Amino acid sequence: MQSVDVAIVGGGMVGLAVACGLQCSGLRVAVLEQSLPQALAADAPPALRVSAINAGSEKLLTRLDVWSAIVAQRASCYHGMEVWDKDSFGRIAFDDRSMGYSHLGHIVENAVIHHALWQKAERSSDVTLMAPAELQQVVWGENEAFLTLKDGNMLTARLVVGADGANSWLRSKADIPLTFWDYRHHALVATVRTEEPHEAVARQSFHGDGILAFLPLSDPHLCSIVWSLSPQEAERMQQADDAEFNQKLNIAFDNRLGLCKVESERQVYPLTGRYARQFAAHRLALVGDAAHTIHPLAGQGVNLGFMDAAELIEELRRLHTQGKDIGQHFYLRRYERSRKHSAALMLAGMQGFRELFAGENPAKKLLRDLGLALADTLPGVKPQLIRQAMGLNDLPEWLR
């Protein structure tokens, strides 16, 4: 039986960030991941799943010493953002220079971030990567948790970190209740070639029954799109031939970048909001999608997860230095309070935004257009919005 201080179940981006952040802390860490990661070939076309990495997450990845590897492989810096309501006057635009920043964020393929974190964890003497490894049973003892793997191996840990995704097995094993709601939208993702260069600007259009985001990739004529539509329409758009899809896409996007053509397969996945009633329990801490999932309209899902990781790293290092028991729920409550608050604010904000921008009700349309126009022109509003979007209001102390 192997014995560690922290067992992280789930070797995705957030789980690996926790592991890398605990390097040289004096804590022995094991990461249990069901499948071995596949490296992206340098000349491979862009992967369909991308993330908008904000300044807060960039600070974390820099501190974990993986950001330079991510940028060296592929990351696309964006310098501006535009949001508008189709067929009306409501719009807001941001640019980094006028706000005093060098950039607003980066669009990075999830596989690139994952690969850099995996390699970093692999090089760490305090981290053991166990893959492929699948949990069969967990027993919460008084002083440690006992984990049994499907291959018969056993592991004890003072703390188990649940980084095992939206349908977390650990969360249900710990009987943590979940609040969840269906956004009644599916997200369609694809890579699109644009006639005009995107000029490193992220764009988002709200149209009656959907939300369409164009995220700029390193090629000046390639964008990753996230199109949030009703389930029926998303499926129809996935099945449509290229000509019909391109036509509908250009109409929804107001031809902002000239004629656009889809260049990849189209994937669709359902959108559900989730919020765990507890982010911690006896010998357990939840991070990332295991604790919360949100609508992708502001691209904040992975950033919220990375801030969970940053906060948990800081808390575990502090507890360990002070000689405290890192698995006691009493001590984990500080992490839980802080992250539940951040996630609740983000979820409520996204829900309000989603409701306001749904449908073509004339009164609602006027309200949102006035809101966008005022936010674009009132002094002091944009700097606050941009700080929030860049994750600079939510940083744990060690990243400030």
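The legends below describe views of a predicted model.

**View 1. Overall fold of the protein.** The secondary structure comprises 12 helices and 20 strands, both taken as DSSP runs numbered from the N terminus (helices: H or I, at least four residues; strands: E, at least two). The C-alpha atoms fill a box of roughly 60 × 45 × 40 Å along the principal axes. Of the 400 residues, 54% are buried (under 20% relative accessible area; exposed is over 50%, partly exposed in between; 1.4 Å probe, protein chains only).

**View 2. Helix α9 and the residue that follows.** Helix α9 covers residues 301–321. Just after α9, Gly-323 has a positive phi of about 75 degrees.

**View 3. A nonpolar surface patch that includes Leu-370.** Phe-89, Leu-366, Leu-370, Leu-374 and Leu-378 together have about 470 Å² of accessible area (Shrake-Rupley method, 1.4 Å probe; for residues, only the protein chains shown count as cover). Patch residues have over 30% relative accessible area and no salt bridge, and nonpolar side chains (Val, Leu, Ile, Met, Phe, Trp, Tyr) are joined within 5 Å, like charges within 9 Å. A salt bridge is a side-chain nitrogen of Lys or Arg within 4 Å of a carboxyl oxygen of Asp or Glu. Leu-370 lies in helix α11, residues 362–377, and is partly exposed at a relative accessible area of 41%.

**Notes.** Residues are numbered from 1 along each chain as its sequence is written. Local features need pLDDT of at least 70 and side-chain atom pairs pLDDT 80 or more, while totals for chains, interfaces and linings use all residues; side-chain values use heavy atoms, without hydrogens and water.

Definitions and conventions: Expected span 1.5 Å × (residues − 1).
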